[in-house]
Amino acid sequence: MKKLTICVFLISYAFIADGQNIGELLQKLQNTQNDTNRINVQLQLGRYYLNKPGELPKDLDSSSYYLTQAETLSKTILAAGHLYRTLFSKGELDIEQNNWSAATQVFTQVANYYQARHEPLKEANVWHYYAGRMPVSDKAEVARKLNVHNKAYEIYLKNGFKLQAADEQFRIAFTYQNADQFDKAEQGFISVVKQYQLLKSPQIALAYYRLADNYYRKGDMPKELLARINCVNAYEAAPKHDLNWGQYYYFTLGVAYYNKRQFEQALIYHQKCVDIAAKLNDKEMYNLGVHEILTCYINLKKYSTAFAYLKKTSRRYPQKTVVQEGMFLSAELKLYNHMNNSNGAEKMIPRFKKVFQQVYKAVPEQTKRNYYAMDNFIAAYDPLPKHYLLTKQWAKLNDELKMLEALPTGKMSVLSRMTIYQHRFKVDSAKGDFLEALKGFQRLKIIKDSLNNVATGKQINELETKYLSVQKDKKIQELNNQSTIQKSNLEKIHQQRNITFAGVLIGFILAGVLYFAYRSKQRGNFKLKIKQEEINAQNNSLFSLLNEKEKLLQDKDNLLSRQQDLITEKEWLLREVHHRVKNNLQIVMSLLYTQSAYLQSTDARDAIRDSQNRVQAISIIHQKLYSKTNVATIVMADYITDLVRYLYTCYDCGHRKIRFKENLDQGNLDISQAVPMGLILNEAITNSIKYAFGTDGGEILIDAKLSAPEIITLRIADSGRGLPPDFNIAETSSLGMEMMKALSKQLGGNFEIKSGFGVTVLVIFKVENQMRFDKTSDRPQDAG
């Protein structure tokens, strides 16, 4: 696996400045006031420097500066959502600076915030992201990483996020694998596979791939092959195919078949890998796959095919790295070995050794990034020791083995160790050092037992007897060979006789079968001829019907296309109407503003401003209608938020210390209900701003909830001084109160006003046209 992709989670929405020029952001910062817009720009600047390529210290310092400013301003204006998005980015900055203690504190604080808000998905995602960034260089770090992964897993599982829980369990198993705790990793991956099967997740192929990788590292090759087959089957059964992963799945299955010496099967999957790599222009995987195909051809003794394929593929990418060049040299030398062309092999050895000396120096470093680097090197280098073995150059073979044995065995698979042990066994046997050869053979048998699960104690005892009494073994071997030859000759004679009798019998049977088959075929042909004539007549009739059907379908498509054009034209006309209404309302507001400039009476000017606000409440509706796809309805929560922000700015609520809190459900309202609702909101909020508070300010709460199917409960409550004791809604004659009562009747709802700790205006009405509402979680916001 080249890399493990970790999804970067940014809680609500990402403030990413990649698409903007840094100068534009700095200009925006100068033009903003101390509000949430300024926090957004500061957060964008902080993330710009955090994600800037190169990671220079000055960039991280700049990121810290802007994120600290965003944090301070968020606390000052009580913008909780912005504060914790900023803290999340500061946690990322701590990770970049390797300040893990600070990062732990920050991410704990952010997770606790979402826990308090009863948002378990966001809480778990915080732990998921943090665990993915934690290192695993020692046992203590592995334990800490697993602890954080388990926090995320338990939250996902407890709250019914089954797919996320399975994904987190995958991360836990992968962490165990990277820490070389293969038994725990195996249990984890098996459990993940079962969960992905139940959830029908497309990630099941990757889970099988990791499980197979775990078996490979444990040295359990039979189970590895089974997992590789399951991986490819799951990949090919998926509706969508990730080609980048597909080439790895095919390559590793081909290698598993090759290790079982099933070369024909290996060839099939390596060719699939090479086809995908060529399509993706992945040079590394292409050359790896080509090398494996060449070795398959060689082992199948298709030497001419191998030569032609080697010549063809080596020209595809003329510019090669030393590793890629080594792959082709390895295949060429192996080909010479199998063809017993020692002269050709000797000529290319100097170039072979020169290239692989460069590869050898990088092997320990490569194994830090890729577990298979050691195995790939040993497999590619093996043709040189094999050549010395075939030509009985024992001293040179011994030198090559010393070089291979110097590699760190902790990163070798059992197959690589077995390759080295086999060569050492041959060298020790050639030198007559039978004791060391016996020890080597025992090592080989232990590995083979683990691979094949077969007891071999009897064979080891025979080997001990052979090396303790060489002469005796030779005589026994000669007698055994003679006996085997005689027995084989007798078996061949009996076999030939049986084959002859069986052939004669089968000949008679086949002759009878062929005769009856011939007569049956003649009768069948006559019947088929009659049926064919009937089928031809029916086909002619069906052909006519199909032509008529195609014509009808074409007419239908033309009508549907015309209908869609008319619908689109209607939507554009409606948008234009709303746009013009909005522009006319803006003209009315401008006229009112101009008229107020000539008025001396304060009451008259206040009346003019109230009228402006009412017009603006209607104007906002038409602005939203022409600026969105659905021209028939508006989103209630978005409209209320825009209206509140307008009134907040109009009456300078920030200076008067008046705060707004919104608790809104998402939903769509028809314009016939949106206008009276907006006017009610305007009157109620305006009255609270004007009359409810003193110099200390206060808070206005706006609730818009779906309290029953198709029923909206609208509540505007302030924390001010309340209504006068003698206030009677039935007797009041103020324009605002009369408007709210009249507009409530227009909505077909109930209007109620209460006074206690402040004033509460309550309107309950039914949604017209059966517009569907989608409830969302409460989302308190600071309007300032």
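Guide: What follows takes the terms one at a time and sets each value against its cut-off.

Visitor: What kind of model is this, and what does the chain contain?
Guide: The model is predicted. The chain has 28 helices and eight strands. Buried residues make up 43% of its 784 residues. Among contacts with a separation of 6 or more, 65% join residues 24 or more positions apart.

Visitor: What makes α12 roughly parallel to α14?
Guide: The axes of α12 (residues 243-259) and α14 (residues 283-299) cross at roughly 25 degrees and come within 11 Å. Angles under 35 degrees count as roughly parallel, so α12 is roughly parallel to α14. Their crossing is left-handed.

Visitor: Which residues of α12 and α14 meet?
Guide: From α12 there are Gln247, Tyr248, Phe251, Val255 and Tyr258. They meet Met285, Leu288, Gly289, Glu292, Thr295, Cys296 and Asn299 of α14. By class, this contact of α12 with α14 has seven nonpolar, four polar and one charged residue.

Visitor: Why is α12 called roughly antiparallel to α13?
Guide: Helix α12 and helix α13 (residues 263-280) pack at an angle of about 160 degrees, and their axes are 8 Å apart. An angle over 145 degrees counts as roughly antiparallel, so that term applies to α12 and α13. This crossing, too, is left-handed.

Visitor: Which residues are included in the contact of α12 with α13?
Guide: On the α12 side they include Leu243, Tyr250, Phe251, Leu253 and Val255. On the α13 side they include Phe263, Tyr269, His270, Ile276 and Leu280. The contact of α12 with α13 divides into 14 nonpolar, six polar and two charged residues.

Visitor: How do you know that helix α19 is largely enclosed by the rest of the structure?
Guide: Helix α19 (residues 383-390) has eight residues, and six of them are buried, so the helix is largely enclosed. The buried ones are Pro383, Leu384, Pro385, His387, Tyr388 and Leu389. Just after α19, Lys392 takes a positive phi of about 55 degrees.

Visitor: Why is Ile95 called buried?
Guide: Its relative accessible area is 5%. Buried means under 20%, so Ile95 is buried. Ile95 is in helix α4. Not counting residues up to four places away in sequence, Ile95 touches Trp100, Ala103, Phe107, Tyr130 and Arg133. Ile95 and Tyr130 are 35 residues apart in sequence, and their C-alpha atoms are 9.0 Å apart.

Visitor: Which residues touch the most other members of the largest nonpolar core?
Guide: That core has 115 residues, and those touching the most other members are Phe107, Val110, Tyr130, Tyr249, Phe377, Tyr381 and Leu407. Leaving aside neighbours within four places in sequence, Val110 is in contact with Tyr84, Leu87, Phe88 and Val126. Another core, of 46 residues, lies apart from the largest one, and Leu643, Ile685, Ile716 and Val759 are among its members.

Visitor: What makes Leu78 exposed?
Guide: Its relative accessible area is 56%. Exposed means over 50%, so Leu78 is exposed. Leu78 is in the loop between α3 (57-76) and α4 (80-96). Its phi is near 60 degrees, a positive value in a residue other than glycine.

Visitor: Why does Ala179 count as partly exposed?
Guide: Its relative accessibility is 26%. Ala179 lies in the loop between α8 and α9. Ala179 and Val136 are 43 residues apart in sequence and 7.3 Å apart in space, C-alpha to C-alpha.

Visitor: How do you know that Gly748 is exposed?
Guide: At 59% relative accessibility, Gly748 is over the 50% limit, so it counts as exposed. Gly748 is in the loop between α28 (735-747) and β6 (750-756). Between Gly748 and Ile764 there are 8.7 Å from C-alpha to C-alpha, and they are 16 residues apart in sequence.

Notes: Residues numbered from 1 in each chain as written. Predicted model: local features only at pLDDT ≥ 70, side-chain atom pairs only at ≥ 80, totals over all residues. Heavy atoms only, no water. Axes fitted to C-alpha atoms, helices over the stretch in contact; angles between N-to-C directions. Helix = DSSP H or I, 4+ residues; strand = E, 2+ residues; numbered from the N terminus. Parallel < 35°, antiparallel > 145°, perpendicular 65-115°, else oblique. Left-handed = near helix turned anticlockwise from the far one by under 90°. Contact = heavy atoms within 4.5 Å. Nonpolar A, V, L, I, M, F, W, Y, C, P; charged D, E, K, R; others polar. Buried < 20%, exposed > 50% of the residue type's maximum accessible area, 1.4 Å probe, protein only. Core = buried A, V, L, I, M, F, W, Y, C linked by side-chain atoms within 4.5 Å.
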